[in-house]
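Visitor: I'd like a close look at one part of this model, with the cut-offs spelled out as you go. Please start with a charged pair and then take me to the ligand.

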Amino acid sequence: MIYPGTIHNHQMPVTLQEIIWHKKLEVAKMQQDMTWASLQRQLSSAPTVRDFSTALQQSIYKPSLIAEVKKSSFYHSLIRPDFEPVTIAQAYKRGGASCLSVVTDKKFFQGGFDHLRAIRYRVAIPLLCKDFIIDPCQIYLARSAGADAVLLIAAILTDKELKNFLRVIYYLGMNAIIQVNNLHDLDRVLELEDARIISINNQSYSDFSSNIHITQELMDARRSQLQKLGILVISESGIETPEDLSFVAEAGVQTVIMGESLLKEHDLELAVKNLLQSKFPIHH
Ligand SMILES: O=C(O)c1ccccc1NCC(=O)[C@H](O)[C@H](O)COP(=O)(O)O
């Protein structure tokens with residue numbers, strides 16, 4: 001079954017549908033291989049949770065940076081051939097990133113929970129598990145691998161699933177980042193009782209192209225409501241230059257997630273430093 005609640009409102013694009021189809025098979029296999037007792041054991045020996053939201057808010061950089069660790073993506077293929085997750089994460093931290101986003105999806109992004117685990121033990125900043133979460137068991141696995149926050153994509157979850165998954169994430173002491181890329185989903189998320197961090201994805205779910213004006217459009221539409229509710233807003237996808245950073249900061253977001261443009265640089269520490277320390281030009 002593919003989330004009738006979501007399809008009912010607006011058609012799910014084929015490509016995202018395909019990802020979710022494979023994710024459901026992966027989750028079914030995961031559940032077959034796992035016992036409740038072994039999951040409990042893993043959870044009880046998991047590293048303590050670090051405060052993702054506070055790390056973003058206390059950053060000296062505005063907007064603060066969540067730097068993404070990913071080897072490839074199905075829409076842009078291989079991004080970083082010399083991919084070494086821990087080395088990349090350490091360089092990001094030295095450069096000034098407040099938190100890291102670790103892509104754990106294997107099939108479409110060549111990520112893995114082992115990347116999350118390895119980084120957790122070697123790098124002392126909070127970690128977001130970036131995956132297509134469709135079942136609570138993935139949230140438990142993310143926590144046991146050392147995640148401090150988990151991404152929930154509004155477009156692939158019903159309202160009921162969003163509420164239940166948020167409850168699991170908070171129960172485990174983590175932060176939830178709820179991703180939206182249109183006003184319909186932003187309004188659904190604003191109706192939830194306890195959304196604390198929202199990420200505006202500038203990427204289309206049908207052709208996976210990015211357009212940072214999506215951040216501006218959604219902020220213009222709901223800025224005062226977001227501020228009134230004290231929600232921390234992130235912009236992600238397609239942010240490449242200091243000008244782009246300035247553009248989304250002026251739209252009102254406090255944080256950005258950046259991956260590809262940093263990962264294409266040879267010296268990641270320098271790339272992050274240059275980005276965060278650049279004097280942002282003012283947009284009109
Ligand atoms: O956001 C998703 O839908 C997603 C979920 C799990 C893995 C990857 C996913 N999408 C790709 C991204 O999230 C981007 O990599 C991220 O926003 C960074 O963008 P960029 O700077 O353009 O690499």
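**A charged pair and the ligand shell**

Guide: Happy to! R50 and D148 form a salt bridge, and their closest N and O atoms are 3.2 Å apart. R50 belongs to the loop between α3 (36-44) and α4 (52-57), while D148 belongs to the loop between α7 (136-144) and β6 (149-153), so this pair ties together parts that are 98 residues apart in sequence. (Helices, H or I with at least four residues, and strands, E with at least two, are DSSP runs numbered from the N terminus.) The model is predicted, so local features need pLDDT of at least 70 and side-chain atom pairs pLDDT 80 or more, while totals for chains, interfaces and linings use all residues. Residues are numbered from 1 along each chain, and side-chain values use heavy atoms, without hydrogens or water. The count of salt bridges is 17, each a side-chain nitrogen of Lys or Arg within 4 Å of a carboxyl oxygen of Asp or Glu.

Now to the ligand. Around the ligand are 19 residues, the closest being E68, K70, K130, Q179 and E236; each has a heavy atom within 4 Å of the ligand. Look at the side chain of K70: one of its N or O atoms is 2.2 Å from an oxygen atom of the ligand. For the side chain of E68 that separation is 2.5 Å, and for the side chain of S237 it is 2.8 Å. Taken alone, the ligand exposes 510 Å², and the protein buries 96% of that (Shrake-Rupley areas, 1.4 Å probe).

Note on methods: A polar contact is a pair of N or O atoms within 3.5 Å; within protein, one must be able to donate a hydrogen and the other to accept it, and residues adjacent in sequence count only if both atoms are side-chain atoms.
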